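The exercises below are meant to be worked with the sequence and the model open side by side.

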Amino acid sequence: MLKNLPRESSLQLLNLYNRMWTDGSFPREWKSAILVPFPKTSSSGVADFRPIALSNCDLKIFERLVNFRLMWYLEKENLLNNNQIGFRRGRSTTNSLTTFSGDILESFEKRSHTTAVFFDMQGAYDRTWAEVIINQLVEWGFHGHILDFIKFYLTSRKIRVRIGSTLSSEESIDNGVPQGGVLSVTLFLVAINGIFKFFNPDDPNKILVYADDIVVYNDTLDDSERCIQLQKCVNEIGKWASRNGFRFSPSKTKIMHFCRKHRCRQIPLSLNGSLLEYVETYKYLGLWFDPKLSFKKHIREIKTASYVDPFPLTTRCSLPMGQHMMIKEVLLLLLNLNLSLVSDVMSPSQFTL
Ligand SMILES: [Zn+2]
């Protein structure tokens, strides 16, 4: 409806936005949202519902304007770490997957091993502390109107839940970023950027962050050295999370040891005192990984889902095109590196990219 406003009305709305921006005074209604639970699966447990937040339409437009400026400045000043990949222009899961796979393949070439810890962050957006975001923005030099709006946007929020025609009473929310807000995603990137302070380019530990998907890995040749370095890093991340309101689930945080040996020592690693589990398969950003980087499980799943051969990756397959492209690009990387492991899965004559 707002998109179809006549020019005169659009200009009036723009004037109103500009006045609010300069005065730092925003409607109280913008702090209220209605949550509508939608079932994720056929079961009916509370955890099986996904809450969709219905917020004010004027706010949605306003936060888009703010988000555009905020993101532009963050990118221009290079404030977000380069290894933070999610929700940034010109980057996608393919960047994370090719970097991660490429590093593992390089370690294979050196006859080395890579141990990776896949962190599971619980309720990431709901736990993001407004204070952490604001402190980070202030540290980066943000002040004035944009900071005033972000403070307004994050604090003293209210929600009501609607089921059918029944509306609950209003409840205050003191934590997290507004659900479904376009600005929320960028503010989450700001909050999580602090995790990179434990890493530097000379460090054997590497980290890739795609929104709340975090993987930390290293390929140090020496087993003991790798264990010490990685455990130290996991400890630091655990402490950082506690200090900043984030929480990792030790039972869902998994380790995978990538190497070409048949039997290799799995060095115990722990998170907040809980021993982490080594796994033989792990789905990272939609792609099933395994210790030999064969992608056999992923290919099996594609076959099962599509009822056709996974290659060639064409529209014959019923999977979404985005996933085709992702797999295709990862496999292209493997081929470009001229490694033989793809042929372990399927001979080159069997597929066309
Ligand atoms: Zn190994």
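**Exercise 1.** At what angle do helix 2 and helix 7 pack, and how far apart are their axes?

*Solution.* The model is a predicted one. In it, helix 2 (residues 57-76) packs against helix 7 (residues 182-192) at an angle of about 30°, and their axes are 8 Å apart. Angles under 35 degrees count as roughly parallel, and helix 2 and helix 7 are therefore roughly parallel to each other. The crossing of helix 2 and helix 7 is left-handed. On the side of helix 2, the contact is made by Glu63, Arg64, Val66, Asn67, Leu70 and Met71, while helix 7 contributes Val182, Leu183 and Thr186. Sorted by class, this contact of helix 2 with helix 7 has five nonpolar, two polar and two charged residues.

**Exercise 2.** Determine how helix 5 and helix 7 are oriented to each other, and describe the residues through which they meet.

*Solution.* Begin with the geometry: helix 5 (residues 130-139) and helix 7 pack at an angle of about 75°, with their axes 8 Å apart. The range from 65 to 115 degrees counts as roughly perpendicular, and helix 5 and helix 7 are therefore roughly perpendicular to each other. Next, take the residues: Val132, Ile133, Gln136 and Leu137 in helix 5 meet Leu187, Val190 and Ala191 in helix 7. By class, the contact of helix 5 with helix 7 has six nonpolar residues, one polar residue and no charged residues.

**Exercise 3.** In what order do the five strands of the open sheet lie, and which strands stand at the edges?

*Solution.* The five strands of this open sheet follow the order 7-8-3-9-12, and their pairing is mixed. Strand 7 (206-210) and strand 12 (277-278) stand at the edges, each with a single partner strand, so one side of each is left without a neighbour in the sheet. Helix 3 (residues 93-109) packs on the sheet, where it touches strand 3 (114-120), strand 7, strand 8 and strand 9 (254-258), and its direction makes about 160° with that of strand 7.

**Exercise 4.** Where is aspartate 148 placed, and how far in space is aspartate 148 from aspartate 23?

*Solution.* Aspartate 148 lies in helix 6 (residues 145-154). With 16 other C-beta atoms within 10 Å, aspartate 148 is partly exposed. Aspartate 148 and aspartate 23 are 125 residues apart in sequence, and their C-alpha atoms are 9.7 Å apart in space.

Technical notes: Residues numbered from 1 in each chain as written. Predicted model: local features only at pLDDT ≥ 70, side-chain atom pairs only at ≥ 80, totals over all residues. Axes fitted to C-alpha atoms, helices over the stretch in contact; angles between N-to-C directions. Helix = DSSP H or I, 4+ residues; strand = E, 2+ residues; numbered from the N terminus. Parallel < 35°, antiparallel > 145°, perpendicular 65-115°, else oblique. Left-handed = near helix turned anticlockwise from the far one by under 90°. Contact = placed C-beta atoms within 7 Å. Nonpolar A, V, L, I, M, F, W, Y, C, P; charged D, E, K, R; others polar. Pairing = 2+ DSSP bridges. Buried ≥ 20, exposed ≤ 12 C-beta atoms within 10 Å, placed from the backbone.
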